[in-house]
Amino acid sequence: MERKILLLAGSAGGFSVILNILKALERPVQIPIIVIVHRNPKYASSIEDTLSKALLQKIKTADDKESIANGTIYFAPAGYHLLIEPDYSFSLDISEPVQYSRPSIDVTFESAAEIYKENCTAILFSGANQDGAEGLLMIKKYGGKTYVQDPLDAEVPIMPQAAIDLNAQDKILSIAEIKDYIMQLT
């Protein structure tokens, strides 16, 4: 069986869009979804618990050495880079921030690209820096599918525009188109 994965990532202005999309899922997901958002480890967040109670989905923070399971939505933990290992498990890393961020979207995207290749799909949302653009380009180079939120729809267009400037996206999608796409994919 081919292993597939969906990556959803963003920063300023992207988090609320991602949450709204997850809340709109009408049925449990069949593939793993990984959400990478810039979060400050100094502030406690209960978003995973809150979402678990509101949705039919299995939602959790990714743990070190945990095997990636279908039907689960994972969140990258604050303060750690989230990598994917060749045995389809997670690895948490505390090396230096990338693009001033840990977790870094680029780090997760790049490791997913190497492991999942053409079975990797990534969507980059609103954000205030260029994190994610290089990783999206790597996913595209490995044959995966890459999408960005339309910068005109984005609260902070820097992140999706950085990917567009690198030609890292297969398509630019509105929020409504992203919702429709994810519904079909999962």
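**Chatting through rings, cores and a sheet**

User: Hi! Which ring does Arg3 lie over?

Analyst: Arg3 sits over the face of Tyr88, 4.1 Å from the ring centre. Keep in mind that this is a predicted model.

User: Good to know. How many aromatic pairs are there?

Analyst: The count comes to three aromatic pairs.

User: Where in the chain do Tyr74 and Phe90 come from?

Analyst: They link distant parts of the chain: Tyr74 belongs to strand S4 (residues 72-75) and Phe90 to strand S6 (residues 90-93), 16 residues apart.

User: And are Tyr74 and Phe90 buried or exposed?

Analyst: Both Tyr74 and Phe90 are buried. There is also a tilted pair, Tyr147 with Tyr181, at 4.7 Å centre to centre and 50 degrees between the planes. This pair also links distant parts of the chain, with Tyr147 in strand S8 (residues 145-149) and Tyr181 in helix H6 (residues 175-185), 34 residues apart. Tyr147 and Tyr181 are both buried.

User: Switching topic: in what order do the strands of the open sheet run?

Analyst: The open sheet has seven strands, ordered S3-S4-S2-S1-S7-S8-S9, and the pairing is parallel. Strand S3 (58-61) and strand S9 (171-173) are at the edges with a single partner strand each, so one side of each has no neighbour in the sheet. On average, neighbouring strands are turned by 20 degrees against each other, direction ignored.

User: What about S2 and S4, how many bridges do they pair over?

Analyst: S2 and S4 pair over three bridges, in the parallel sense. Within S4, Tyr74 is the bridge partner of Ile34.

User: Which strands does H4 touch?

Analyst: H4 packs on the sheet and touches S1, S7 and S8, and its direction makes about 150 degrees with that of S8.

User: Nice. Last topic: how many residues are in the largest nonpolar core?

Analyst: It has 30 residues, and Leu7, Ile34, Ile84, Phe90, Phe109, Leu124 and Leu136 are those with the most contacts inside it. Several elements each supply at least two residues of this core, including strand S1 (5-10), strand S2 (33-37) and helix H4 (133-141). The largest share, six residues, comes from H3.

User: What does Leu136 touch?

Analyst: Leaving out residues up to four places away in sequence, Leu136 touches Phe109, Ala122, Leu124, Thr146, Tyr147, Val148, Ala163 and Ala168. Apart from this core lies another one, of 25 residues, with Leu6, Val17, Val35 and Ile73 among them.

How values were computed
Residues numbered from 1 in each chain as written. Predicted model: local features only at pLDDT ≥ 70, side-chain atom pairs only at ≥ 80, totals over all residues. Heavy atoms only, no water. Core = buried A, V, L, I, M, F, W, Y, C linked by side-chain atoms within 4.5 Å. Buried < 20%, exposed > 50% of the residue type's maximum accessible area, 1.4 Å probe, protein only. Helix = DSSP H or I, 4+ residues; strand = E, 2+ residues; numbered from the N terminus. Contact = heavy atoms within 4.5 Å. Phe/Tyr/Trp six-rings, centres within 6.5 Å; stacked < 30°, edge-to-face > 60°. Lys NZ or Arg CZ within 6 Å of the ring centre and 35° of its normal. Pairing = 2+ DSSP bridges. Axes fitted to C-alpha atoms, helices over the stretch in contact; angles between N-to-C directions.
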